[in-house]
Amino acid sequence: MSSGPGRSSRALRRSASRPLSYELELARATGSPQGAGWSADISKVSQTEAAAVWEDAPEAAPDLEVACRKCRKVDSTLRASAFTYVLSAVFLTLRRPASSGIFCRSCRRKEGAKWSLLTGVLGWWGFPWGPILSVQSIVRNLRGGAQDGGLNAELLKAAGQTLADRGESPEAIRAFEASSKLRDDPAVTQLLSQLRGY
Ligand SMILES: [Zn+2]
């Protein structure tokens with residue numbers, strides 16, 4: 001894809017609107033804090049996901065918003081997360097990528113519960129890794145999936161800007177505050193003080 005002169009100011013101003021690159025960054029970023037075995041799964045899930053998004057709507061991608069991929073809501077609870085499930089049969093256990101992307105708190109809980117339930121049914125029945133990987137996946141899914149702080153700081157900054165544009169200042173402030181907790185960013189601090197009216 002070439003970025004011609006057409007993708008100019010609007011694309012720049014809406015630097016928020018890059019779910020595709022979030023997917024890819026999620027793939028790269030979640031490798032570090034989560035351990036080696038995990039990172040392989042995540043990059044797989046995110047690449048698949050990104051490729052699917054790209055094939056579905058190559059033209060629409062630059063206009064997609066930072067929003068919950070399930071309910072399209074934009075608020076301060078948005079986080080980029082990746083979920084997994086586990087399948088086992090006798091001596092074979094597989095940990096598979098489930099879903100990944102940007103979710104609000106409520107959709108994240110539903111995703112976590114759904115994939116944990118599937119793991120709870122299908123994950124245990126392999127020796128010895130079934131129970132071990134199942135517990136790991138269930139705990140992680142119920143905590144909101146694998147997440148990367150730096151990536152979510154950027155996401156929340158973008159969500160805050162969208163909310164501020166819409167005039168939803170209290171929620172924009174909450175998004176910027178959540179971003180600041182994850183990463184120190186002078187630009188976010190400045191946006192926060194503007195919104196608070198100093
Ligand atoms: Zn949602």
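**A helix pair and its surroundings**

Modeller: Helix H5 passes helix H6 in a left-handed crossing (the near helix is turned anticlockwise from the far one by less than a right angle; helices are DSSP runs of H or I of at least four residues, strands runs of E of at least two, numbered from the N terminus). This is a predicted model, in which local features need pLDDT of at least 70 and side-chain atom pairs count only at pLDDT 80 or more, while totals for chains, interfaces and linings use all residues. Residues are numbered from 1 along each chain as its sequence is written.

H5 covers residues 105–122 and H6 residues 129–142, and the two pack at an angle of about 165° with their axes 8 Å apart (axes are lines fitted to C-alpha atoms over the stretch in contact, with angles from 0 to 180 degrees between N-to-C directions). The two helices are therefore roughly antiparallel to each other, a term used for angles over 145 degrees. On the H5 side the contact is made by Gly-112, Trp-115, Ser-116, Thr-119 and Gly-120, which meet Ser-134, Ser-137, Ile-138, Asn-141 and Leu-142 of H6 (C-beta atoms, placed from the backbone, within 7 Å). Sorted by class, this contact of H5 with H6 holds seven polar residues, three nonpolar ones and no charged ones, with Gly counted among the polar residues.

E1 and E2 form a hairpin with two residues between them, and Val-90 in the turn has a positive phi of about 55°. Val-90 counts as exposed because it has 9 C-beta neighbours inside 10 Å (exposed means 12 or fewer, buried 20 or more). Arg-72, in the loop between helix H4 (36–56) and E1, also has a positive phi, near 70°, and counts as exposed because it has 10 such neighbours inside 10 Å. Over the chain of 198 residues, 41% count as buried.

Note on methods:
Pairing = 2+ DSSP bridges. Parallel < 35°, antiparallel > 145°, perpendicular 65-115°, else oblique. Contact = placed C-beta atoms within 7 Å.
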